[in-house]
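Subject: Structure handover

Hello,

Here is the structure I promised you.

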Amino acid sequence: MREQIEGSRAVARAVAACRPGVICAYPISPQTHIVEALSTLVKSGALKGCEFVNVESEFAALSVAIGASAAGARAYTATASQGLLFMAEALYNAAGLGLPIVMTVANRALGAPINIWNDHSDALSQRDSGWIQLYAESNQDAADLHIQAFRLAEELSLPVMVCMDGFVLTHAYEAVDVPAVEQVDRYLPGFTPRQCLDPADPITIGAMVGPEAFTEVRYLAHQTHQRALERIPALGSAFTEIFGRPGMGLLAPYRADAETVVLALGSVLGTLKDTVDDLRGLGHSIGVIGLTTFRPFPAEALRAALAGAKRVVVLDRALAVGVGGVVSIDVAAALAGTDLRQHTVVAGLGGRPITRASLHGTLLRAIEDDLPPLTFLDLDHRLLATAGA
Amino acid sequence: MFSVRIHGRGGQGVVTAAELLSIAAHAAGRYAQAFPSFGSERTGAPVVAFCRVSDGPIRLREPVMHPDGLIVQDPTLLPLPEVFAGLAAHAYVLLNSRHDAAEIELPPVVERTRLAVLPATQLALTHLGRPVPNIALLGGFAALTGLVPIGAVLDAIRGRFHGPVADGNVAAAQAAYDRVLQQRTELTDA
């Protein structure tokens, strides 16, 4: 049943419907409402058989999740921004150890300067951590992706980050069909860990690996990510069969059979689709591709989806300082050897709203071949002048 | 699509008002979206929240820049230029003030026939015992715009609050609704 609900609460209920055995989290805006709602569900008894562990930091939150997962519990945590950075060491361990933890990242900028608002700097900074990264366009997506993330994580024995835009989604009220436990039970089997720490049957997880096998371990991790490229659409289809809604995929194309295609992640896709409809109405050949799966990067699928396009505009919500857009780097690698012209538009940093009017103007420039390879949306030149730039 | 912008101060329930408006609209069978401004919400600081209501799914996530309906919860915000910025033609404006509409100086973009002024803080004090004007204003907004039925607003209030706080807010919203409806009738008759 569709209900008008805050994104954070919808996600909390979706996670609860997956019945994690351990939830541990340290509060940080804009993730706080998610873990607050989960703690309430645990305390009220609505989420049975779950231990909610209060910890002293994000580093501890993920460390507890690692321990819980290694001991055979379905484990969940959530964070954002500096909290994710504080987890960095443990992030690589969770992935390297192949522990199927699911974590929500309520995407937020990284300081300094301190800024609590939304962009993708946090999750994208961990692109090489070995975690799968999925991005939600709407709160329905965010809720649904969590259900699918547990299944994907446990099938591949890999941790999965579900990224949802901080404030724009976490604090937005919109109608969501919150997955019911009975439906989730049909989709998500109970967690059978690939390995389990058990005093009755001792094993070692996380032994040192020297030069003789380290490359092979990394190679196998890469192979698992390649397998994820097949499993993500397959598990998305399985989701559709049970829930009757679109499941996850690698890409989410919208009117993408076009000369100009805009590639973006997350909640800006909605505003982009409205803009593209406007531009189509003016006779321009333009479409959108949502990048649902950022890790593993779906290079082949992207090449195929852009086969008929003349140019691609990557809307990047994070900046690789000294380079340009973060996602753009992967797009350029994927499109190497093709004739596609690529533009990067860095947009919406630190919560600056991405408006339909600004997108309209910038995309028109791209269509007219008047857009430089790298631009910053709505760059305030007057403000720069006051800074002496 | 009907877009609403609510201006107030931290502690006045600006975000709650937008959320409840969206819940009422959803209950009335519409699509709705509510979200806070991308500002830091501290007690007393200016706060903005948005609500969109439509007959179809809402994809747009930019802030509401051209509101069809504007609620100003705190009269001390009226001099701020951003409060009336981008107001759509024929927009409805609802102000919290103890003064009569004729006494309040407003930019020319505000159409007096689409304006309602409500002593929402006093109504809240009377019915709730606390100077929180947001819920009374929602009742008034339902009367001014017809965007949502008052019954759906009252249900949304009861869904959010409990006990005497729910009762007080329901009474304040109903009183505000009646008052604005009365104002509108007098305006039409005049």
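A:Ala112 lies in the loop between β5 (102-107) and α6 (121-124) of chain A. Keep in mind that this is a predicted model. The peptide bond from A:Gly111 to A:Ala112 is cis, with omega near 0°. The bond that joins A:Ala112 and A:Pro113 is cis too, and its omega is about -5°. A:Pro113 is found in the loop between β5 and α6 as well. Please look at both bonds in your viewer.

Two residues in chain A have a backbone angle to check. A:Phe167 has a phi near 65°, a positive value in a residue other than glycine. Its place is the loop between β7 (160-165) and β8 (173-177) of chain A. Is A:Phe167 buried or exposed? A:Phe167 is buried, because 23 other C-beta atoms lie within 10 Å, and the cut-off for burial is 20 or more.

The other residue is A:Arg255. Its phi is positive, about 50°, although A:Arg255 is not a glycine. A:Arg255 sits in the loop between β9 (251-254) and β10 (260-264) of chain A. With 15 C-beta neighbours inside 10 Å, A:Arg255 counts as partly exposed. That class covers counts between the exposed limit of 12 or fewer and the buried limit of 20 or more.

Next, strand β7 of chain A. How many of the 6 residues of β7(A) are buried? The count is 6 of 6, so the strand is mostly covered. A:Val160, A:Val162 and A:Met164 point one way from β7(A). A:Met161, A:Cys163 and A:Asp165 point the other way. Both sets are buried, A:Asp165 included.

β7(A) also has strand partners. β5(A) runs parallel to β7(A), and 6 bridges join them. In one of these pairings, A:Ala106 has A:Met164 in β7(A) as its bridge partner. Strand β6 (residues 132-135) of chain A is also parallel to β7(A), joined by 4 bridges. Here A:Gln133 has A:Met161 as its bridge partner in β7(A). To get from β6(A) to β7(A), the chain passes through helix α7 (residues 139-156) of chain A. This β-α-β crossover is right-handed.

Now chain B. Chain B holds 5 helices and 6 strands. From the N terminus on, its elements run β-α-β-β-β-β-β-α-α-α-α. Chain B is as compact as a globular protein of its length, because its radius of gyration is 15 Å, close to the 16 Å that the globule rule gives for 190 residues. Along the principal axes, its C-alpha atoms fill a box of roughly 40 × 40 × 35 Å. Of the 190 residues in chain B, 49% are buried. Take the contacts in chain B between residues at least 6 apart in sequence: 60% of them join residues at least 24 apart.

Last, the place where the two chains meet. 20 residues of chain A are in contact with 17 residues of chain B. Which elements of chain A each supply at least two residues of the side that touches chain B? They are β8 and α10 (268-281). The largest share, 4 residues, comes from α10(A). By type, the residues on this side of chain A divide into 9 nonpolar, 7 polar and 4 charged.

Best wishes

Methods:
Residues are numbered from 1 along each chain as its sequence is written. Chains are lettered from A and ligands numbered from 1 in the order in which they are written. This is a predicted model: local features need pLDDT of at least 70, side-chain atom pairs count only at pLDDT 80 or more; totals for chains, interfaces and linings use all residues. The radius of gyration is taken over C-alpha atoms; the globule rule is 2.2 Å times the number of residues to the power 0.38. Two residues are in contact if their C-beta atoms, placed from the backbone, lie within 7 Å. Two strands pair if DSSP finds at least two bridges between them. A crossover is right-handed if, with the strands pointing away from the viewer, the path from the first strand over the helix to the second runs clockwise. Ala, Val, Leu, Ile, Met, Phe, Trp, Tyr, Cys and Pro count as nonpolar, Asp, Glu, Lys and Arg as charged, and the others, Gly among them, as polar.
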